[in-house]
Amino acid sequence: MSFQAYLDNIEEKTGKTPREFIELAKERGFGEGTKAGPILDWLKTDFDLGRGHGMALVHVITKGPRISTKFVGDDGTHGDESETLWLDGKANKPA
């Protein structure tokens, strides 16, 4: 599954966009310097998200929307279209 697909699946499951999760995380004091554990605990408790989906959100909460180019353009199952993740919801994603 691509990084973007994880984020899209999270939105389907919770009804919240990645950007909304970033704002909720800020309200809880989570951000750039936060370790993964507390964020994962919060996501599991409040949204029933597992580790894989949680780690996708940990990345955007602590590092922002840019990802490594390692899998960008890769035809494999983990390939992403861009090194910048779309955080504003599937319905608003440009074609």
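1. Basis. The model is predicted: local features need pLDDT of at least 70, side-chain atom pairs count only at pLDDT 80 or more, and totals for chains, interfaces and linings use all residues. Residues are numbered from 1 along each chain as its sequence is written, and side-chain values use heavy atoms, with hydrogens and water left out.

2. Pair count. Rings of Phe, Tyr and Trp (its six-membered ring) pair if their centres lie within 6.5 Å; planes under 30 degrees apart are stacked, over 60 edge-to-face, the rest tilted. The count by this rule is 4 aromatic pairs.

3. Phe 21 with Trp 42. This pair is edge-to-face, at 6.4 Å centre to centre and 70 degrees between the planes. It links distant parts of the chain, 21 residues apart: Phe 21 is in helix H2 (residues 18–27), Trp 42 in helix H3 (residues 36–47). Helices are DSSP runs (H or I, at least four residues), numbered from the N terminus.

4. Phe 21 with Phe 47. This pair is also edge-to-face, at 4.9 Å centre to centre and 75 degrees between the planes. Phe 21 lies in helix H2 and Phe 47 in helix H3, so the pair ties together parts 26 residues apart in sequence.

5. Burial. Buried means under 20% relative accessible area (1.4 Å probe, protein chains only). Phe 21 is buried at 0%. Trp 42 is buried at 6%. Phe 47 is buried at 19%.

Terms used:
Helix = DSSP H or I, 4+ residues; strand = E, 2+ residues; numbered from the N terminus. Buried < 20%, exposed > 50% of the residue type's maximum accessible area, 1.4 Å probe, protein only.
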